[in-house]
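Visitor: I'd like a quick walk through this one, please. Could you show it to me before I start asking?

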Amino acid sequence: MEDMTEKLSNLDDNGDQLGKHLDLSDGSTHKRCHNEKRSERRARTERLLSDIDKDQGKKRMEIVTSQQSCTLEQNRGVIEEELSRAISEEKKHKFQGLLYVFDQLFLPVQDANAKTRIRSSIPFQEALEYFLAFQPHHSGAPSKYQRVAFREALLHEKHGLRINFIRITEGFEYVALRPDEVDLESFLLDIFSACSTKSGHSALVLDKETVQGIVTTMDSEWDKICLRVILRSIFSREEMTALGFDPDNLPSMTERVKFVVEEVKNANEAAADLVRLRLNSKKEKLEKEIKEKENLLQKKTNIWSSKTLEEIQSEVQKLKEKVEDTEGLLHSQPTESNYQRKRQMLKRQASSLIECNRLKRRKLSNQGPKPKLDEEDEDFIAKAIEDKSSYHGRRHDTVLYTGQRVKKKNLLSIANYRLAERGKKLIQSATTVYNRARPRNKRSLQAKRHCGKGLFCWKKPPKGEENTNENTHYQRAHVKNIKRRFWGARNSSARKFCFMRSTDDKAYLRPGTSEGFDKARNLRILTLSDHTKARKLPKYDWPEKMVYVTPGSHRVFTKSSVMNETEEKLITEDDRHYVFVRPKAIVGSSGTVWAGGGDHETFHYR
């Protein structure tokens, strides 16, 4: 600090070089300066100020004492005398600003104990704004040169204020009155020294490297915006630039932060209303259920057993406990123990509303990489799948009559064919096309990667005909019981009068191809999501109309009983098969026709 004070003294001793340019001295030399000499003095002054700033930047805490030698009582009179002798308007505005700052230091205020005292100290930034308010040509944020000029005006030996300029760290600077007979600066320096010794290197210095390092540790963009807005409320425009931030973007960020804070407040209020409505609805539902069970209990008191009635009473008691718990949550206060549950409910609901409205996130836009496939490509792929996949109206499984199914590996070639036609860049992964399909499980992680309209998927298409059939288990049980009744050991006398007959239509029998026998595998394949848009083949689709046939197969056989240790088994005997093929164009294809022929089979069997 002594080095800096010596430099300030040298500035005043060596011809008042700084005072001449800043108009801080009252000599007439300033009027006779030419433009060239003024430029030279300005350059020298800027170099000297740069040296002072470098010396100050090395120290974290410092106190600069004003060169004014008068007392506090005489200080105002000294400035008023300089004001009365001033000739130029610029000097008058300067002295008026200094008088106003001096009055602000003696402004009466009340402390925490409601006692009146003088203010005695103000932030340097606030004092600078008071001073610049008297400068008619000033506009905008204070420049670095204006800050230095005001500081030197405060410390001037003739028209300065009896104050101490206290600089704790960068951005924390104060102007404090200097008592006449109290060595306040030594006391403050001792305090600063003690604080520096205790804190050591634990104190955080907000320089550019430190602040930018903090920004890189933040995960979300919203956190970085909030940090910028908070720092802007503390530091000036020049200081924000020194910290590595663009001050031109800060006004819009500040407005956005204000808007989001207000919207988050509204979201919290809306969440409270939704939670209250949900709890009221749950309470009403529980009360309705209690009333129903109490009515049931009253009706069945003399009918049902005591055990069943006790179970219902227990259920009613549990429901009443739930009602009390819901009521407690509904009217719980922050001082109560169950308020933590309600607070978590409010927090989850508010977070959901904030996320739905994307308050803390960027607006949805066209940012990011463009999709390699668009809706036109997706429609083309769906049409290709439609042409390749179809299923018979009378069968469970999907059948491809072209001899080839569209699989995942085929999607890449189909998509690239379309992209080549449109002159677009080809893709290299079949998964890019696969992600355009509808996912099997919407709750899976894979489903989050899917996009598009989901026109195709992997699924098993529905049956063409809806029939309400009995459960397969009971069908088999009925057949098994009937066979035991006819051919079991206990009914050996009636066995010779019984036989079994099985019929089927064999709808996939087609002349000229074996597609129906070889390719009708019961597998999930790629098909359209909307089965109503899928291509459906006719129920009879033989190549030539005149050779359409109505097939019918019949099987006639008997059974015999064989004892295997402790278990009776039925084995097949005298098994015969009959196939009737009738011309469809002449006979027809109704169920009576293809299932007919039983008389002929029975006669032949006999």
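What follows is a short chat about a predicted model.

Visitor: Which element gives the most residues to the largest nonpolar core?
Guide: That core has 25 residues, with Leu 98, Val 101 and Phe 150 among those with the most contacts inside it. Helices H4, H5, H6 and H7 each give two or more residues, and so do strands S5 and S6. The top contributor, with six residues, is H5.

Visitor: How many residues are in the second, separate core?
Guide: Trp 222, Phe 235, Leu 243 and Phe 245 are included in this core. Its total is 19 residues.

Visitor: Which helices do the buried residues of H13 pack against?
Guide: H13 runs over residues 306-330 and reaches 36 Å from its first C-alpha to its last. Its buried residues include Leu 309, Ile 312, Val 316 and Leu 319. They pack against H12 and H14.

Visitor: Are H12 and H14 parallel, perpendicular or oblique to each other?
Guide: Their axes are 8 Å apart, at an angle of about 125 degrees. Roughly perpendicular stops at 115 and roughly antiparallel starts over 145. The angle falls between those cut-offs, so the two helices are oblique.

Note on methods: Residues are numbered from 1 along each chain as its sequence is written. This is a predicted model: local features need pLDDT of at least 70, side-chain atom pairs count only at pLDDT 80 or more; totals for chains, interfaces and linings use all residues. Side-chain values use heavy atoms; hydrogens and water are left out. A nonpolar core is a set of buried Ala, Val, Leu, Ile, Met, Phe, Trp, Tyr and Cys residues joined through side-chain atoms within 4.5 Å. Buried means under 20% relative accessible area, exposed over 50%, partly exposed in between (1.4 Å probe, protein chains only). Helices (H or I, at least four residues) and strands (E, at least two) are DSSP runs, numbered from the N terminus. The expected span of a helix is 1.5 Å times one less than its number of residues. Contact means heavy atoms within 4.5 Å. Axes are lines fitted to C-alpha atoms, for helices over the stretch in contact, and angles run from 0 to 180 degrees between N-to-C directions. Angles under 35 degrees count as roughly parallel, over 145 as roughly antiparallel, 65 to 115 as roughly perpendicular and the rest as oblique.
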